[in-house]
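Please read the points below beside the coordinates.

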Amino acid sequence: MQKHAFAVVAVVLAAAFATPVMAQGARQTATIEHVDVEKIAAGYRASKILGSSVVNDANEVIGTIDDLLLEPNNKRPFAVLSVGGFLGLGDRLVAVPFESLKVTREKIVLAGGTKEALKALPDLRYASK
């Protein structure tokens with residue numbers, strides 16, 4: 001009887017290890033791209049951008065970067081700006097395409113931006129997930 005139990009266990013284990021991964025679902029592949037780490041290391045970290053003031057061409061503060069978002073489908077980045085408030089009270093959130101910002105080590109500029117233009121943008125409300 002012990003030989004029979006051992007044979008059953010051996011067959012079950014052999015079947016388990018012989019089962020291809022694809023039997024559990026369709027094979028997924030991911031494209032992993034090698035990046036120039038020296039080049040990106042000189043970039044701007046999100047943790048350093050968040051909370052930064054955004055100025056216009058006249059160097060007037062017109063908002064603060066509250067968050068960064070990626071569009072769900074094509075992953076286009078947006079900056080969420082906090083505008084119109086005073087000391088964190090009464091502010092609103094609006095979104096602008098990240099490429100519209102000029103980011104340097106010294107400041108973040110929204111060329112042509114004004115407080116009025118940002119106030120005219122629709123309020124951003126995060127989707128609940």
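Does Asp123 count as buried, exposed or partly exposed? At 39% relative accessibility, Asp123 counts as partly exposed, where buried means under 20% relative accessible area, exposed over 50%, and partly exposed in between, with a 1.4 Å probe and protein chains only.

1. Basis of the note. This is a predicted model, in which local features need pLDDT of at least 70 and side-chain atom pairs count only at pLDDT 80 or more, while totals for chains, interfaces and linings use all residues. Residues are numbered from 1 along each chain as its sequence is written, and side-chain values use heavy atoms, with hydrogens and water left out.

2. The salt bridges overall. A search of the whole structure finds 3 salt bridges, a salt bridge being a side-chain nitrogen of Lys or Arg within 4 Å of a carboxyl oxygen of Asp or Glu.

3. The side chain of Asp123 meets that of Arg92 in a salt bridge, at 2.4 Å from N to O. This pair links distant parts of the chain, since Asp123 lies in the segment after α4 and Arg92 in strand β4, 31 residues apart; helices (H or I, at least four residues) and strands (E, at least two) are DSSP runs, numbered from the N terminus.

4. Arg92 counts as partly exposed at 22% relative accessibility, whereas Arg125 counts as exposed at 66%.

5. The Glu99 and Arg76 pair. Glu99 forms a salt bridge with Arg76, the closest N and O atoms being 3.0 Å apart. Because Glu99 lies in the loop between β4 and β5 (101-103) and Arg76 in the loop between β2 and β3, the pair ties together parts that are 23 residues apart in sequence. Glu99 counts as exposed at 53% relative accessibility, while Arg76 is partly exposed, with a relative accessible area of 31%.

6. Strand β3 and its partners. Strand β3 (residues 77-83) is mostly covered, with 6 of its 7 residues buried. Strand β2 (residues 61-70) pairs with β3 in the antiparallel sense over 6 bridges, two strands being paired if DSSP finds at least two bridges between them, and Val80 in β3 is the bridge partner of Asp67. β2 and β3 form a hairpin with 6 residues between them, and Lys75 in the turn has a positive phi of about 60°. β3 also pairs with strand β4 (residues 92-97), again antiparallel over 6 bridges, with Ala79 standing opposite Val96 in β4.

7. The nonpolar patch. Val35, Val37 and Ile40 make a nonpolar surface patch of about 290 Å². Patches are made of residues with over 30% relative accessible area and no salt bridge, like charges being joined within 9 Å and nonpolar side chains (Val, Leu, Ile, Met, Phe, Trp, Tyr) within 5 Å; accessible areas come from the Shrake-Rupley method with a 1.4 Å probe, and for residues only the protein chains shown count as cover. Ile40 has its place in helix α2 (residues 37-41) and is exposed, with a relative accessible area of 55%.
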